[in-house]
Amino acid sequence: PLLTGGGTRLKVLEAMAMGKALVSTRLGCEGVPAEPGRDLELADGADQFAERALKLLGDGDRRPALGLAARAFVERHFDWHVVAAALEQVYAC
């Protein structure tokens, strides 16, 4: 689990874009407006992190569902059409 760091959380977005179920610390996904429990799982302590990861590994229904939700989140917020529309608004000013 990431306990310190800075910059853009691209690894989180990359995993989500690949449709992977994700467990992250709050710091690990800081700045990513994902909803815990819907788009990813959050766990800040090592024990909680391990517990959530093992639970997902053992849940053949939840893991793919969370991965699909993660992928849908990235498509809603970071698809090229979404990003380009926001840039067009900036350039229009």
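Reply: Gly45 counts as partly exposed because its relative accessibility is 31%, where buried means under 20% relative accessible area, exposed over 50%, and partly exposed in between (1.4 Å probe, protein chains only). Gly45 sits in the loop between β2 (41-42) and α2; helices (H or I, at least four residues) and strands (E, at least two) are DSSP runs, numbered from the N terminus. The C-alpha atom of Gly45 is 7.9 Å from that of Thr25, a residue 20 positions away along the chain.

This is a predicted model, in which local features need pLDDT of at least 70 and side-chain atom pairs count only at pLDDT 80 or more, while totals for chains, interfaces and linings use all residues. Residues are numbered from 1 along each chain as its sequence is written, and side-chain values use heavy atoms, with hydrogens and water left out.

Ala46 belongs to helix α2 (residues 46-58). With a relative accessibility of 58%, Ala46 counts as exposed.

The C-alpha trace spans about 50 × 30 × 15 Å along its principal axes. Of the 93 residues in the protein, 28% are buried. Among contacts (heavy atoms within 4.5 Å) with a separation of 6 or more, 49% are accounted for by residues 24 or more positions apart. The protein exposes about 6300 Å², of which carbon and sulfur atoms supply 59%; accessible areas come from the Shrake-Rupley method with a 1.4 Å probe.

Helix α4 (residues 80-92) has 13 residues, which at 1.5 Å a residue should span 18 Å, and its end C-alpha atoms are 18 Å apart, in agreement; the expected span is 1.5 Å times one less than the number of residues. The number of buried residues in α4 is zero, so the helix lies largely in the open.

As to the cysteines, Cys29 counts as buried because its relative accessibility is 8%, whereas Cys93, at 85%, counts as exposed. The structure holds zero disulfides, a disulfide being a pair of cysteine sulfur atoms within 2.5 Å.
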